Amino acid sequence: MTEPMPDRRTVLRATAGLAAATAGLTAATGGALAHFPRELDVEVKPDSEESPINPESNGVTSVVVYQTAEFDPTSEDVRYRFGAPEAVADGDGTTPVRSHTDDVNEDGSMDLVLQFRTAEAGFDDDSETAELRWDRDEGREHGLSGRDTIRTVGDYRR
């Protein structure tokens with residue numbers, strides 16, 4: 001009998017667990033103990049399994065940052081950038097136009113829901129991944145990030 005394939009949330013949570021275990025190993029071996037996780041637990045368009053994005057949309061894209069034992073996004077300054085990983089790495093991407101808190105995954109903890117202008121995120125027809133980066137300070141030092149898979153849609157190739 002074959003085991004069912006895990007869903008995207010299960011895989012993301014396992015990845016977050018691995019990151020936490022890695023941080024614990026670093027602390028046990030004398031490395032610097034990180035106060036924050038290395039990665040954020042994020043989900044693009046949490047109401048959609050495929051996370052479709054039209055790069056030329058004039059609308060907004062919702063991204064949730066889930067609260068974890070290591071990171072509470074509702075207690076930190078909202079300094080986020082969202083977009084194609086290449087754009088975010090270059091200091092670009094788009095900043096939130098709105099944010100609110102909600103228990104999106106119904107685990108009893110409040111999560112942060114951000115909305116970003118889709119057309120400013122730097123996606124193109126080859127984009128398969130979206131990145132959300134949180135900067136701890138105005139100088140963008142020691143930022144945390146999380147990624148999620150997306151599917152580009154729309155007739156934007158002219």
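E43 sits in strand β1, which covers residues 42–44. The residue is buried, with a relative accessible area of 5%; buried means under 20% relative accessible area, exposed over 50%, and partly exposed in between (1.4 Å probe, protein chains only). From there, the side chain of E43 makes a polar contact of 2.5 Å with the side chain of Y66. A polar contact is a pair of N or O atoms within 3.5 Å; within protein, one must be able to donate a hydrogen and the other to accept it, and residues adjacent in sequence count only if both atoms are side-chain atoms.

Before you read on, please note that this is a predicted model, where local features need pLDDT of at least 70 and side-chain atom pairs count only at pLDDT 80 or more, while totals for chains, interfaces and linings use all residues. Residues are numbered from 1 along each chain as its sequence is written, and side-chain values use heavy atoms, with hydrogens and water left out.

**The whole chain**

- The protein chain has two helices and nine strands; helices (H or I, at least four residues) and strands (E, at least two) are DSSP runs, numbered from the N terminus.
- Of the 158 residues in the protein chain, 34% are buried.
- Among the contacts in the protein chain with a separation of 6 or more, 63% are between residues 24 or more positions apart; contact means heavy atoms within 4.5 Å.
- The accessible surface of the protein chain comes to about 9,300 Å², and 46% of that belongs to carbon and sulfur atoms; the areas come from the Shrake-Rupley method with a 1.4 Å probe, and for residues only the protein chains shown count as cover.

- β5 and β6 pair in the antiparallel sense over six bridges, and T101 stands opposite L112 in β6.

**The loop between β5 and β6**

- D103 is found in the loop between β5 and β6.
- A polar atom of the D103 side chain lies 3.0 Å from the backbone nitrogen of E106.
- Leaving aside neighbours within four places in sequence, D103 is in contact with G108, S109, M110 and D111.
- The C-alpha atoms of D103 and V113 are separated by 9.4 Å, and these residues are ten apart along the chain.

**The sheet with three strands**

- A second open sheet to look for has three strands in the order β4-β7-β8, again with antiparallel pairing.
- Its edge strands are β4 (80–83) and β8 (144–149), each of which pairs on one side only.
- On average, neighbouring strands here are turned by 15 degrees against each other, direction ignored.
- Four bridges join β4 and β7 in the antiparallel sense, and Y80 stands opposite W134 in β7.

**Aromatic rings**

- The structure holds three aromatic pairs; rings of Phe, Tyr and Trp (its six-membered ring) pair if their centres lie within 6.5 Å, and planes under 30 degrees apart count as stacked, over 60 as edge-to-face and the rest as tilted.
- F82 and F123 have ring centres 5.6 Å apart and planes at 65 degrees, so this pair is edge-to-face.
- F82 lies in strand β4 and F123 in the loop between β6 and β7, so the pair ties together parts that are 41 residues apart in sequence.
- F82 counts as buried at 1% relative accessibility, and F123 counts as buried at 9%.
- Ring pairs link F82, F116 and F123 into a cluster.

**The loop between β6 and β7**

- S127 has its place in the loop between β6 (111–117) and β7 (129–134).
- With a relative accessible area of 9%, S127 is buried.
- The S127 side chain reaches the backbone nitrogen of D124 at 2.9 Å.
- Not counting residues up to four places away in sequence, S127 touches A84, I150 and T152.

Definitions and conventions
Pairing = 2+ DSSP bridges. Axes fitted to C-alpha atoms, helices over the stretch in contact; angles between N-to-C directions.
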